[in-house]
Amino acid sequence: MQITSLKLISDKREKDFNKLGIYTVEDLVRHFPKDYLDLRNITPISQVYHNDVVLTCGEVLTVECNKYSRRPYVRARCRQGDCLFTAIWFNQVYVADKLRPGEFLFYGRVQNKFGLELTIVNPTFEPAEKKSRLQGIIPVYSLSGKLTQKLMRYELEQALEKLPLASCIPYDIQRRYELMKLKDAYRKVHFPETVEDYREGANRIALEEYFLLISAFKVTKGGSDDARLNTYSVTREELDSFISRFPFTLTPGQIGAVQDIWDNMKGPHRMNRLIQGDVGSGKTAVAMTAMYMAVKSGYQAAMLAPTEVLAQQNASVLRTYFPEYNVVCLTGSMTAKEKKFTKALIEGGMAHIVCGTHAILQEDVFFSNLSLVVCDEQQRFGVAQRASLANKGESCDVIVMSATPIPRTLSLIWYGDLDITTIKDKPKDRQEISTSIIPERKYTDMLRYVAEQAKKGCQTYFVCPKIEEDEEGTIMSVTELYEDLKTKMPDTRFALLHGKMKEKDKNAIMEDFKAKKYDCLVSTTVIEVGVDVPDATIMIIYNAERFGLSQLHQLRGRVGRSSRKSYCFLLMGVETEEARRRLTVLKTCSDGFRIAEEDLKIRGGGDFLGTRQSGRMLSEIKNLKFPVETIFTAKALVDEAFSSTQDLTQLKTLAAGKYESLKDIVLN
Ligand code: ADP
Ligand code: MG
């Protein structure tokens, strides 16, 4: 149902809705509030602290609008009793039209620094005279263009009237578990009367969402039950002699993984296996044994990486260990001519091992006899992508490798279609990475330390979450940081790396950093996955509170790759209790699986299965906070539904559709 079928939505307004990703009425009801205002709880301005997020009220005295500064702003001077304060909006000059002298409610983050005027930055606001009409808890939505909170609420009222919002959970299960009606749940989330209302509603919607999602994995499961088509003639002696090419002995975990692969590739069923192991646990070596089994038996093997930097790195490692085979690398940044040549080698069977990025998935790459596909750092690959990969060869064996440990219960859902091997240990010569949270006053000392270490040949990563400033201007851009560090540390050699750079340039910089042409690499999270620079011993992360714990753990894993002592320094942009608590987990724990469990506990289930990069959500439950148990309840209900004898045709159709829509979706 098109959004324009609602009252008061003109073509122009429709565009504003579209900008929020809302095209249909169904999209609209899934536009969940990003926050709630508790109108029973107005904070006196004399009692607020720096960084508090508060709801307060005040009389607007003057409004000043500056459209032409580098960052256009609107500033309102306000008064509450004897206290004066300022409300300021950056890059939203249109708010000036909505402000006039009189009482307003403001909701936002407070800046209250010594010597500066107390300021609320980018607050949401409402004229206070409406207070009498608005009571209890009101939702706050993300807006765009000329949309207002009021209009959003009005349209949502209508949308909830119009849509049937039927549940896909079989009726008798709904009844047995006394589940709330889905429609009521939506109502409670958009128009809660109490905090409890909102929680119940959010839980019920999450349950519905996960029920469908898990059903989707369930109906499309399969693969590992397929009969094996490709058979491998390689002997155990040959494999062992290949393993002796490594300059190290395998860890028990690696040996176990190699055994799983051997059994599987020699067994009656096609391999469809996840190899899960913490950063640095040596998954590449394990994958190479499988690749050896393939090429030694006369097949081709492919290894996929999420970025070109990694694809190149893989190719160079593979060339070392497979000198008697032809290893090629096929990436998006190659010239048309190079690509054509490489594709011809692959199609003709002259290339035995193919490294690359998603480019390999493109239709016009043909293999002559591909039998094994390895996906490195799988979490960046979508569900459907792993299927399309297996289809490249005739009933290929597939290994996916992930360094994002996720709690076992969740992996059983997410990787429902795979067999799982876990590598629990790490090579012995690794030292613990010493992790600390660095307060602002120690910042200069830290930089001095980095400069000293650079002289000793130890390299440092500086990681910053974003390229541009965010609207509050609180996050330093990676370019700014780079410039700033260069002036502060003139004798140290810096390189800059971010996601908006050309692949070729990124690769060149990574290579130069590895070759020690630079001491420090200032970068966004593009370095997060897999990159191996043994002499890097210091990892500095800015605005660490913005990252998930598992992601921080991954970043930290970029150092500590040699026997030298390594350090991870975490800097907080905004200090909150919760941020400190989360980061402390990282300080005291180096086990990726435990970190994932803790992260899940602290963050709740809400954004766990969301996506980071594509902006699309695996589930439509963005902004909803609900306990993790909801996911497990959903799993239990799915198992129950599928083990009963009733007709599930409708559910299965819905679930299959859901699976389709999971294309491009990746795990956060
Ligand atoms: P990850 O599991 O994070 O992908 P890698 O496969 O990149 O880890 O391995 C990290 C580093 O450890 C590589 O330089 C690799 O050569 C080395 N390595 C792998 N296995 C062992 C081992 N058993 N003993 C010592 N070093 C190892
Ligand atoms: Mg790796």
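This is a predicted model: local features need pLDDT of at least 70, side-chain atom pairs count only at pLDDT 80 or more; totals for chains, interfaces and linings use all residues.
Colleague: Which element gives the most residues to the lining of the second largest pocket?

Modeller: The second largest pocket holds about 910 Å³ of space, and 38 residues line it. The elements that contribute two or more residues to this lining are α9 (252–266), α10 (283–296) and α11 (308–321). With six residues, the element that gives the most is α11.

Colleague: How many residues in the lining of the second largest pocket are charged?

Modeller: Among the lining residues nearest the centre of the second largest pocket are Arg430, Asp532 and Arg561. The lining as a whole comprises 14 nonpolar and 11 polar residues, and the number of charged residues is 13.

Colleague: Within what arc do the buried residues of α16 fall, seen down the helix axis?

Modeller: Helix α16 spans residues 478–488, and Val478, Leu481, Tyr482 and Leu485 are buried in it. These buried residues line one face of the helix, because viewed down the axis of α16 they fall within an arc of 100 degrees.

Colleague: Is Leu160 buried or exposed?

Modeller: Leu160 belongs to helix α4 (residues 149–162). Leaving aside residues up to four places away in sequence, Leu160 touches Val29, Leu165, Lys183, Tyr186, Arg187, His190 and Phe191. The cut-off for burial is a relative accessible area under 20%. Leu160 has a relative accessibility of 1%, so it counts as buried.

Colleague: In which helix do Glu208 and Arg204 lie?

Modeller: The side chains of Glu208 and Arg204 form a salt bridge, at 3.0 Å from N to O, and both residues are buried. They are four residues apart, about one turn of the helix, and that helix is α7 (residues 195–220).

Colleague: How far apart are the closest N and O atoms of Asp240 and Arg236?

Modeller: Asp240 and Arg236 are both in helix α8 (residues 236–243), with a spacing of four residues. Asp240 is partly exposed at 37% relative accessible area, and Arg236 is partly exposed at 26%. The two residues form a salt bridge, and the closest N and O atoms are separated by 3.6 Å.

Colleague: How many residues apart in sequence are the parts that the pair Glu324 and Arg245 ties together?

Modeller: Glu324 and Arg245 form a salt bridge, with their closest N and O atoms 2.7 Å apart. Glu324 is in the loop between α11 and β10 (327–330), whereas Arg245 is in the loop between α8 and α9. The pair therefore ties together parts whose separation in sequence is 79 residues.

Conventions
Residues are numbered from 1 along each chain as its sequence is written. Chains are lettered from A and ligands numbered from 1 in the order in which they are written. Side-chain values use heavy atoms; hydrogens and water are left out. On a 1 Å grid over the protein atoms alone, a cavity is a set of points where a 1.4 Å probe fits but cannot get out, and a pocket is an open set with protein on both sides within 12 Å along at least five of seven lines; lining residues have an atom within 4 Å of a point. Grid points are joined across faces, edges and corners, and a volume is the space filled by probe spheres set on the points. Ala, Val, Leu, Ile, Met, Phe, Trp, Tyr, Cys and Pro count as nonpolar, Asp, Glu, Lys and Arg as charged, and the others, Gly among them, as polar. Buried means under 20% relative accessible area, exposed over 50%, partly exposed in between (1.4 Å probe, protein chains only). The arc is that of the directions from the helix axis to the C-beta atoms. Contact means heavy atoms within 4.5 Å. A salt bridge is a side-chain nitrogen of Lys or Arg within 4 Å of a carboxyl oxygen of Asp or Glu.
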